[in-house]
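Trainee: Could you show me how to read a ligand site together with the domains around it?

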Amino acid sequence: MTTRRAKISGAGFYVPERVVTNQELEALMDTTDEWIQQRSGIKERRYVSPGETPADLGQHACERALQSAGLDPQDVDMILLATLSAQHEFPGTSFFVQRRLGLEDTPCMDLRAQCTGFLYALTTANSLVRAGQYDRVLVVGCEVHSTGIDLTTEGRDVAVLFGDGAGAVVVEANEDDSDPGEIIECRLHAQGEHAKRLWIEFPSSAHQPTRIDQEAVLAKKHFPRMEGRFVFKHAVTRMPEVLQQTLSSASLKMEDVDLFLFHQANLRINEYVAGQLGIPPEKCFSNIERYGNCSAGSIPILLAEASERGLVGPGSLVCMTGFGSGFSWGSAVVRL
Ligand code: COA
């Protein structure tokens, strides 16, 4: 009897062409290339150029993912797009991407779980496909941070970390018993208790009489705020925890995994996590030094780049783990 599973059948990514180096940020704020590299591992990131939108990045990433799966946009049954930097407050970004792909009535939605957004969307797509609701779901992580960060000394702790980019995968039904491709196990968590430790306060529909006012803007409350050390401590605790939980639920061992892909928030976080779990450096792939933190885009960009470079291919066992605002965290183990 064939069992219906869901697998990742293609991946693609797109980052804007404009490279912004640490030296360029030195000209905008009181920071140094050395500080940024030492604390985060980041050397440069990409920013959109004037006129370039989140939907542009999402569209290119989707087209590349579809191409790698050998599919056309018309083959897609649904688009799930994870983002914390929606093109518009509503309807978000996914509807603009859908239009760009030339699709007329394919369902789409934005999903918000910040830097864990891609893993939340992947988990959702896995369930939809396994259940038989859809055969092919495009899962996208897409962020434009550069238009929403405080590029002055006041905002430097956050601003230096983030970059723009999008990654996408095709989640497709697999009913072929001879094809090992499968999203094997996904685990998600959240802790709203810490929602304000890493957040953007304004605009807020809880604020009356209007969502944003001059006072909020002057106080720069429309920019992200982060308790960096608090976030760091929780990330290095939660990521190993959920990674081990996921592998153990799948009856897999750390040594079975061919490649670990960690959310690219900070190279130091990932080195610490890998060290704690005894994961050798050659089993981790990073691109934070070139792209910074692309939030929901980070993990799919990493997966697509790893597969482009031949680090993974059909049959590889890949474990993806992330942590972010909410707090939210999760892990997924997949056989490609
Ligand atoms: N350049 C230079 N100095 C900076 C700076 C920057 N970009 N940002 C902050 N500083 C300064 C601080 O003002 C502080 O100065 P002070 O000692 O005079 O007060 C000093 O550097 C140390 O700041 P601190 O925040 O304690 O540094 P840190 O060692 O905790 O490193 C982070 C800061 C942000 C790199 C680190 O906390 C981190 O990576 N946190 C997790 C971030 C994360 O993962 N976020 C996204 C989750 S999805």
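Mentor: Gladly. Domain bounds come from an automatic or database domain assignment. Here that assignment gives domain 1 (5–174) and domain 2 (182–335), and each of them supplies at least three residues to the shell around the ligand. This is a predicted model, where local features need pLDDT of at least 70, side-chain atom pairs count only at pLDDT 80 or more, and totals for chains, interfaces and linings use all residues. Residues are numbered from 1 along each chain as its sequence is written, and side-chain values use heavy atoms, leaving out hydrogens and water.

Trainee: How many residues surround the ligand?

Mentor: A residue is near a molecule if one of its heavy atoms lies within 4 Å of it. By that rule 21 residues surround the ligand, with Thr31, Arg39, Arg156, Gly228 and Asn266 the closest.

Trainee: Which polar side-chain atom lies 2.6 Å from an oxygen atom of the ligand?

Mentor: One belonging to Arg39. A polar contact is a pair of N or O atoms within 3.5 Å. Arg229 also places a polar side-chain atom 3.0 Å from a ligand oxygen, and for an N or O atom in the Trp35 side chain the distance is 3.4 Å.

Trainee: And how do I read the contact between domain 1 and domain 2?

Mentor: Contact means heavy atoms within 4.5 Å. In this model, 55 residues of domain 1 touch 47 residues of domain 2 in that sense. The centres of the two domains, taken over C-alpha atoms, are 13 Å apart.

Conventions: A polar contact is a pair of N or O atoms within 3.5 Å; within protein, one must be able to donate a hydrogen and the other to accept it, and residues adjacent in sequence count only if both atoms are side-chain atoms.
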